[in-house]
Amino acid sequence: MFVDLDTKDRALLDILKRDARTPVTVLAEILSLSRNTVQKRIDRLVNTGVIEAFTIRVNEQLQPDKIKALMSVELEGLSTTQLISKLRRVSGVERLHTTNGNWDLLIVIVADSLAHLDDILKSVRAIKGVLNSETSIILSTTQR
């Protein structure tokens, strides 16, 4: 489904991506729109699925006990949909991205320890259809 977004919608989304808690009155002032208009735009963006969720971003520096990693995966054949379904059930798999190039999937993993990360990697590699993989531990992250 295509949703037509105008300049104000895009600006609204950019602000909400940075801070979803921005008050509607502040959004209205920034966008030079009425509070009611901004609220209607947000409701429309939610109802059409453009905005899927309002969430939080955790300061990774304040959670040094978590290990994050990126796992690049090469799949055998055209089983992407089935494999994604199986991978979603693996504890520690946070996000899955399909990609182009040498790797078919990029998996974001969050583990409690190196031993937990090792278990996650073994679980992913054991899934039928996973042909090859390469993993990199994330040392630091910079937000835009």
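Visitor: In which helix of the protein chain is confidence lowest, and in which is it highest?

Guide: Confidence is lowest in helix α4 (residues 80-88), at a mean of 87, and highest in helix α5 (residues 114-125), at 96; the score is pLDDT, the predictor's confidence in each residue, from 0 to 100. Helices (H or I, at least four residues) and strands (E, at least two) are DSSP runs, numbered from the N terminus. For the protein chain the mean pLDDT is 90, and 94% of its residues reach 70 or more. This is a predicted model, in which local features need pLDDT of at least 70 and side-chain atom pairs count only at pLDDT 80 or more, while totals for chains, interfaces and linings use all residues. Residues are numbered from 1 along each chain as its sequence is written, and side-chain values use heavy atoms, with hydrogens and water left out.

Visitor: Why does Ser 72 count as buried?

Guide: Buried means under 20% relative accessible area, exposed over 50%, and partly exposed in between (1.4 Å probe, protein chains only). Ser 72, which is found in strand β1 (residues 67-75), has 14% relative accessibility and therefore counts as buried. Contact means heavy atoms within 4.5 Å, and, not counting residues up to four places away in sequence, Ser 72 touches Trp 103, Leu 105, Leu 106, Asn 132, Ser 133 and Glu 134.

Visitor: What makes Leu 5 buried or exposed?

Guide: Leu 5 lies in the segment before α1, and at 19% relative accessibility Leu 5 counts as buried. Leaving aside neighbours within four places in sequence, Leu 5 is in contact with Arg 10, Leu 13, Leu 45 and Val 50. Leu 5 and Val 50 are 45 residues apart in sequence and 9.5 Å apart in space, C-alpha to C-alpha.

Visitor: Which residues of α3 are buried, and how do you know on which side of α3 they lie?

Guide: The buried residues of α3 are Val 38, Arg 41, Ile 42 and Leu 45. They cover an arc of only 100 degrees around the axis, so they lie on the same side of α3; the arc is that of the directions from the helix axis to the C-beta atoms. The face of α3 turned away from the buried side carries the exposed residues Lys 40 and Asn 47. Among the elements that cover the buried residues of α3 are α1 (7-18) and α2 (24-31).

Visitor: Why is α1 called roughly perpendicular to α3?

Guide: α1 and α3 pack at an angle of about 80 degrees, with their axes 11 Å apart. Axes are lines fitted to C-alpha atoms, for helices over the stretch in contact, and angles run from 0 to 180 degrees between N-to-C directions. Angles under 35 degrees count as roughly parallel, over 145 as roughly antiparallel, 65 to 115 as roughly perpendicular and the rest as oblique, and therefore α1 is roughly perpendicular to α3.

Visitor: What makes α2 and α3 roughly perpendicular to each other?

Guide: α2 and α3 pack at an angle of about 105 degrees, with their axes 8 Å apart, and they are therefore roughly perpendicular to each other. Where they meet, Val 24, Thr 25, Leu 27, Ala 28 and Leu 31 in α2 face Arg 35, Val 38, Gln 39 and Ile 42 in α3.
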